Amino acid sequence: MRRLNRKKTLNLMKELDAFPKVPESYVETSASGGTVSLIAFTTIAFLTIMEFTVYRDTWMKYEYEVDKDFTSKLRINIDITVAMRCQYVGADVLDLAETMVASADGLIYEPVVFDLSPQQKEWQRMLQLIQSRLQEEHSLQDVIFKSAFKSASTALPPREDNSLESPDACRIHGHLYVNKVAGNFHITVGKAIPHPRGHAHLAALVSHESYNFSHRIDHLSFGELIPGIINPLDGTEKIASDHNQMFQYFITVVPTKLHTYKISAETHQFSVTERERVINHAAGSHGVSGIFMKYDISSLMVTVTEEHMPFWQFLVRLCGIIGGIFSTTGILHGFGRFVAEVIFCRFRLGSYRSTSDPLPDGHTSNHLPLTTDNSTH
């Protein structure tokens with residue numbers, strides 16, 4: 001009884017077989033079929049390698065939402081070198097929301113030589129080259145995000161030569177915490193002094209001949225400091241053509257949450273437009289000489305997430321490649337054989353008709369004439 005049930009089960013399974021087996025004696029191979037099979041296997045191998053490369057790669061997904069965090073502080077990371085002595089310049093932040101000067105105690109004033117050493121000049125040249133490529137190809141920003149914490153530090157390397165020149169510039173570096181509202185970070189003549197109606201700089205003791213706001217921005221970023229991230233103003237260098245010159249940077253800051261397979265951080269991207277002009281009150285160009293960075297916080301927040309193709313999706317795409325190539329090459333091979341057979345059949349039929357001779361009674365003779373020895377003379 002069990003054997004009978006097994007037989008019925010096997011017969012049922014045979015009827016459900018969607019892959020019938022053809023005896024090898026019934027299979028006919030051909031050179032054209034072998035050529036098509038070789039092309040198909042080569043194409044499958046090539047596409048499989050390409051698909052595996054895509055599977056190993058990752059991409060960045062951007063999502064946008066309204067930033068609802070208004071209570072936290074915004075960190076500003078600064079590393080700027082000004083071509084004036086440290087006792088002549090002062091840096092502070094004016095918070096436009098509270099119309100008061102934010103404390104700049106987190107900044108360090110370091111006397112340095114403004115001219116870079118050969119190694120530092122090479123670093124600046126490479127950084128400016130990267131900046132120009134980033135402006136042309138925005139997709140490179142994804143590569144920088146994925147390589148954060150893995151790439152070399154983007155900070156200015158220390159001088160490799162022991163310069164005997166006396167310091168003629170001031171390097172202002174450090175970080176500040178300000179409210180997440182629009183503000184103005186500026187470097188101008190004189191140290192900032194408290195004032196009940198705003199803020200002021202003690203610039204009366206500094207002569208106009210010593211004004212020189214040529215500067216180099218080695219680093220400027222907002223939010224958490226992430227090594228390997230290149231910001232739009234990193235490597236910027238401006239040379240003043242006049243003593244009384246104003247440099248303005250208008251910055252739009254976008255809060256950004258970065259989630260990759262290596263790091264998870266809250267940082268800020270920003271875009272910037274630049275403007276510079278000479279202060280000449282007689283010509284109607286009013287203002288204060290110095291470096292002014294006016295920033296505004298965007299109300300949108302960007303979440304950047306590194307994503308990877310799931311393994312099941314890779315298998316589905318791989319099966320689609322293999323099945324699609326086999327089906328397509330089979331159809332093309334069958335169509336090619338059909339066309340070849342039609343052409344060859346017509347060619348043979350034409351040659352067959354050309355050898356037939358008409359007879360007097362309307363019939364045709366398909367026999368070739370006999371040749372005799374007399375007919376050859």
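1. The largest cavity is lined by I76, F185, L220, F222, I251, M293 and Y295. Its volume is about 30 Å³. A search of the whole structure finds 1 cavity of 30 Å³ or more. On a 1 Å grid over the protein atoms alone, a cavity is a set of points where a 1.4 Å probe fits but cannot get out, and lining residues have an atom within 4 Å of a point. Grid points are joined across faces, edges and corners, and a volume is the space filled by probe spheres set on the points.

2. This is a predicted model, where local features need pLDDT of at least 70, side-chain atom pairs count only at pLDDT 80 or more, and totals for chains, interfaces and linings use all residues. Residues are numbered from 1 along each chain as its sequence is written, and side-chain values use heavy atoms, with hydrogens and water left out.

3. What classes of residue line the largest cavity? The lining has 7 nonpolar, no polar and no charged residues. Ala, Val, Leu, Ile, Met, Phe, Trp, Tyr, Cys and Pro count as nonpolar, Asp, Glu, Lys and Arg as charged, and the others, Gly among them, as polar. Strand 10 and strand 14 each supply at least two lining residues. Strands (E, at least two residues) and helices (H or I, at least four) are DSSP runs, numbered from the N terminus.

4. The largest nonpolar core has 35 residues, and F185, I187, I251, M293 and Y295 have the most contacts inside it. Such a core is a set of buried Ala, Val, Leu, Ile, Met, Phe, Trp, Tyr and Cys residues joined through side-chain atoms within 4.5 Å. Buried means under 20% relative accessible area (1.4 Å probe, protein chains only), exposed over 50%, partly exposed in between. Strand 2 (73–82) gives the largest share, 5 residues.

5. Beyond its neighbours within four places in sequence, I251 is in contact (heavy atoms within 4.5 Å) with residues including L220, F222, F270, M293 and Y295. A second, separate core of 14 residues includes L127, F145, I229 and V302.

6. The largest pocket has a volume of about 800 Å³. Of its 32 lining residues, Q141, I230, P232, Q269 and F270 are the closest to the centre. A pocket is an open set of points with protein on both sides within 12 Å along at least five of seven lines. Strand 13 gives the largest share of the lining, 7 residues. By class, the lining has 13 nonpolar, 15 polar and 4 charged residues.
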